[in-house]
Amino acid sequence: MAVFLAAGLSLFFGSTAIAPDQVIQALIHPDMANQDQVAIVELRGPRTLACILVGAAFAVAGAIMQGVTRNPLADSGLLGINAGAAFALALCLALLPGMSFTGVVLCSFAGAAFALVVVYGSVSFRRRNVDPVRLVLAGCAVGLFLTALAQAVAIFFNIGYSLTFWTAGGVAGVRANTLALTAPFIVVALVAAWVLARRVAVLSLGDEAALGLGINVGKTRTLCLVVVLVLAGAAVALAGPVAFVGLMVPHVVRRFVGADYRAVIPASMVGGALFMLLADVIARTVMAPTEVPIGFIFAIIGVPFFIWGARREAADLD
């Protein structure tokens with residue numbers, strides 16, 4: 001119900017004021033000769049759907065990462081996925097400046113996949129089981145390396161502004177065709193995450209407990225990481241590397257539904273969609289008609305939350 005209401009806010013409120021009757025008419029029977037109704041159909045509508053999908057994708061990817069690594073402060077960025085997508089985008093902007101937005105989405109997704117393959121391959125090479133701690137450390141190292149490469153490409157080819165605009169995150173540039181390209185990946189991966197929720201719950205108990213309960217730890221962790229790749233890779237390609245959603249939403253959800261990932265994962269879908277919708281509405285309206293980068297909104301909320309969460313986890317360990 002909250003997501004439905006937030007989606008309504010996203011349709012009715014934006015950087016440009018549109019009369020409520022025009023919004024309702026655009027939703028029921030749009031007049032494509034009316035500029036306000038065209039804005040609802042072609043801009044705010046896809047943007048609202050993108051917020052729902054991107055928020056759910058980042059939150060579920062973070063929930064899976066936290067369950068698989070048994071780290072309540074983990075998210076998909078720890079695997080270098082965001083950095084891989086940024087590096088691929090930097091190469092696209094530098095070498096193929098006329099590439100369409102669809103091509104940029106595909107390149108970003110490929111970069112995210114490349115980063116995950118490098119991280120997972122470096123940790124699993126000649127090892128039967130993957131240590132979650134080693135996985136996180138490898139992800140941080142590869143992420144820092146790819147980020148440095150992206151910045152070097154941006155400086156050398158003078159594309160710093162374009163790269164910064166994308167890395168700030170947001171769904172302002174989402175249109176129906178790009179949404180149609182990425183939405184199937186996100187929806188399929190969300191369904192797969194729901195199916196894997198029980199296995200993630202068992203993995204969160206530790207490898208020994210999972211083995212004792214008949215779970216193939218290596219295979220299950222690989223499947224989970226593939227789902228994280230699709231979720232985070234598609235979301236990053238669509239909206240940029242939006243930070244803190246995958247960290248905050250699952251953390252808050254566990255406070256309400258407990259530590260059972262059979263409940264955490266579906267609840268994170270709803271919480272992530274709600275959080276992204278509200279943040280996007282704030283980003284559009286707080287300084288209208290100028291839009292604030294949505295990454296700025298998340299940073300204001302996320303940094304204090306991360307500090308609070310880290311202190312709380314440390315207190316729990318004590």
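Asn-158 is located in the loop that joins α6 (132-157) to α7 (160-167), where helices (H or I, at least four residues) and strands (E, at least two) are DSSP runs numbered from the N terminus. The model is predicted, so that local features need pLDDT of at least 70 and side-chain atom pairs count only at pLDDT 80 or more, whereas totals for chains, interfaces and linings use all residues. Residues are numbered from 1 along each chain as its sequence is written, and side-chain values use heavy atoms, with hydrogens and water left out.

The backbone at Asn-158 has a positive phi of about 60 degrees, although this residue is not a glycine. In general, most residues other than glycine have a negative phi. Asn-158 counts as exposed because its relative accessibility is 70%; exposed denotes over 50% relative accessible area, buried under 20%, and partly exposed the range in between (1.4 Å probe, protein chains only).

The protein chain contains 14 helices and zero strands. The pattern read along the sequence is accordingly α-α-α-α-α-α-α-α-α-α-α-α-α-α. For 318 residues, a compact globule would have a radius of gyration near 20 Å, and the 20 Å of the protein chain agrees with this; the radius is taken over C-alpha atoms, and the globule rule is 2.2 Å times the number of residues to the power 0.38. Along the principal axes, the C-alpha atoms fill a box of roughly 65 × 50 × 35 Å. Buried residues make up 50% of the 318 residues. Of the contacts (heavy atoms within 4.5 Å) with a separation of 6 or more, 75% are between residues 24 or more positions apart.

Two packed helices are described by the angle between their axes and the distance between the axes. The axes of α4 and helix α11 (residues 217-239) come within 10 Å and cross at roughly 45 degrees; axes are lines fitted to C-alpha atoms, for helices over the stretch in contact, and angles run from 0 to 180 degrees between N-to-C directions. The two helices α4 and α11 are therefore oblique to each other, given that angles under 35 degrees count as roughly parallel, over 145 as roughly antiparallel, 65 to 115 as roughly perpendicular and the rest as oblique. Ile-81, Asn-82 and Ala-85 of α4 form the contact with Val-228, Leu-229, Ala-232, Gly-233 and Val-236 of α11. By class, this contact of α4 with α11 comprises six nonpolar, two polar and no charged residues (Ala, Val, Leu, Ile, Met, Phe, Trp, Tyr, Cys and Pro count as nonpolar, Asp, Glu, Lys and Arg as charged, and the others, Gly among them, as polar).

On the α11 side, Ala-232 counts as buried, at 0% relative accessibility. Leaving aside neighbours within four places in sequence, Ala-232 is in contact with Phe-58, Ala-61, Ser-76 and Ile-81. Helix α4 (residues 81-95) also holds Ala-88, which counts as buried at 11% relative accessibility. Not counting residues up to four places away in sequence, Ala-88 touches Cys-107, Ser-108 and Gly-111. Between Ala-88 and Ser-108, 20 residues apart in sequence, the C-alpha to C-alpha distance is 5.4 Å.

Ser-268 belongs to helix α13 (residues 261-285) and counts as buried, at 0% relative accessibility. Apart from neighbours within four places in sequence, Ser-268 is in contact with Ala-59, Val-60, Ala-63, Val-249, Pro-250 and Val-253.
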